[in-house]
Amino acid sequence: MTQGRFITFEGGEGTGKSTQVARLVERLRARDLEVVQTREPGGSQGAEEIRNLALNGDAGRWSPMTETLLMFAARSDHLERTVRPALEAGRWVVCDRFADSSRAYQGVGGGTPADFIEALDAAVVGVTQPDLTLVFDLPVEVGLERAFGRGLFETRFESKGLAFHERLRRGFLEIARTHDRCVVIDADGDMDTVTERVWAAVQGRLL
Ligand code: TYD
């Protein structure tokens, strides 16, 4: 049995990422591939419980360090219970957010030292790095307006203010620049156009 492929979607708020995850999964399944659609934080029972802890409450509930540990605790369970078993069974895994969100949100945005995050990544993610990461990029005002418009200003992260989100955007672009597995997707366009951009990246890299 061949090893499956691992694709992650990353980016700031309101980029339309979640819709595009579902569309990609549909297209891959139409090619008769077995695909597991999942998300972080979450994607396994234990990780979903940690998600509730991590994302609810007011913005200052957790220190950046504690928040980082919660994200990697959830990630550890998700990898053990969902991601690795699927990949080993030859399935494709498409995940809405993964470790680059910790690099951007807790690291660049929250100020957790990068070397601490990289040490956790080495210990928890290890060799299970994504084969392809799609980094959705959008001007911050457009993303936040979309998130507001959808009534989604509800998680602790979406209420953190413009400067935080600008740092986040630059952080994601820097991650993309320094990791070969990343492709930046221009998310400033209609949904069908963005879907084609995603598909071009997946075909170019993996099919
Ligand atoms: P969600 O509502 O799923 O956001 P989105 O639709 O934008 O993906 O909430 C996930 C939130 O968790 C999001 O604001 C980013 C944050 N997050 C981190 O801060 N660190 C992480 O490692 C992960 C995976 C997510």
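R103 is buried, and so is D100, where buried means under 20% relative accessible area, exposed means over 50%, and partly exposed covers the range in between (1.4 Å probe, protein chains only). Their side chains meet in a salt bridge of 2.8 Å, N to O; a salt bridge here is a side-chain nitrogen of Lys or Arg within 4 Å of a carboxyl oxygen of Asp or Glu. Please keep in mind that this is a predicted model, in which local features need pLDDT of at least 70 and side-chain atom pairs count only at pLDDT 80 or more, while totals for chains, interfaces and linings use all residues. Residues are numbered from 1 along each chain as its sequence is written, and side-chain values use heavy atoms, with hydrogens and water left out.

**The network around R103 and D100**

- R103 and D100 both sit in helix α4, 3 residues apart, or about one turn of the helix; helices (H or I, at least four residues) and strands (E, at least two) are DSSP runs, numbered from the N terminus.
- The two residues belong to a network of salt bridges that links D100, R103, E118, D121 and R181.
- R181 has its place in the loop between α7 (162-178) and β5 (182-186).
- R181 counts as buried because its relative accessibility is 11%.
- The side chains of R181 and D100 are joined by a polar contact of 2.8 Å; such a contact is a pair of N or O atoms within 3.5 Å, and within protein one must be able to donate a hydrogen and the other to accept it, with residues adjacent in sequence counting only if both atoms are side-chain atoms.
- Leaving aside residues up to four places away in sequence, R181 touches D100, R103, Q129, P130, D131, L132, T133 and R205, with contact meaning heavy atoms within 4.5 Å.

**Other salt bridges**

- The structure holds 14 salt bridges.
- One of them pairs the side chains of R23 and D192 at 2.9 Å, N to O.
- R23 lies in helix α1 and D192 in helix α8 (residues 191-206), so this pair ties together parts that are 169 residues apart in sequence.
- R23 is partly exposed, with a relative accessible area of 24%.
- The side chains of D137 and R169 also meet in a salt bridge, at 2.8 Å, N to O.
- This pair links distant parts of the chain, with D137 in strand β4 (residues 132-137) and R169 in helix α7, 32 residues apart.
- D137 is buried at a relative accessible area of 15%, whereas R169 is partly exposed at 28%.

**The ligand and its shell**

- There are 16 residues around the ligand, and K17, R75, R97, S102 and Q106 come nearest; a residue is near a molecule or strand if one of its heavy atoms lies within 4 Å of it.
- An N or O atom in the side chain of K17 is 2.9 Å from an oxygen atom of the ligand.
- R75 places a polar side-chain atom 3.0 Å from an oxygen atom of the ligand.
- For Q106, a polar side-chain atom lies 2.8 Å from a nitrogen atom of the ligand.
- The ligand taken alone exposes 540 Å², and the protein buries 90% of that; accessible areas come from the Shrake-Rupley method with a 1.4 Å probe, and for residues only the protein chains shown count as cover.
- Helices α2, α3 (64-88) and α4 each supply at least two residues of the shell, and α4 gives the most, with 4 residues.
- The shell residues divide into 6 nonpolar, 4 polar and 6 charged; Ala, Val, Leu, Ile, Met, Phe, Trp, Tyr, Cys and Pro count as nonpolar, Asp, Glu, Lys and Arg as charged, and the others, Gly among them, as polar.

**Backbone geometry to look at**

- Most residues other than glycine have a negative phi, and most peptide bonds are trans.
- R97, in the loop between β3 (92-96) and α4 (99-109), has a positive phi near 75 degrees.
- R97 is buried, with a relative accessible area of 15%.
- D32 also has a positive phi, near 70 degrees, and is found in the loop between α1 (17-30) and β2.
- D32 is exposed, with a relative accessible area of 72%.
- The peptide bond from E40 to P41 is cis, with omega near -10 degrees.
- P41 is found in the loop between β2 (35-39) and α2 (45-55).
- A54 has its place in helix α2 and counts as buried, at 0% relative accessibility.
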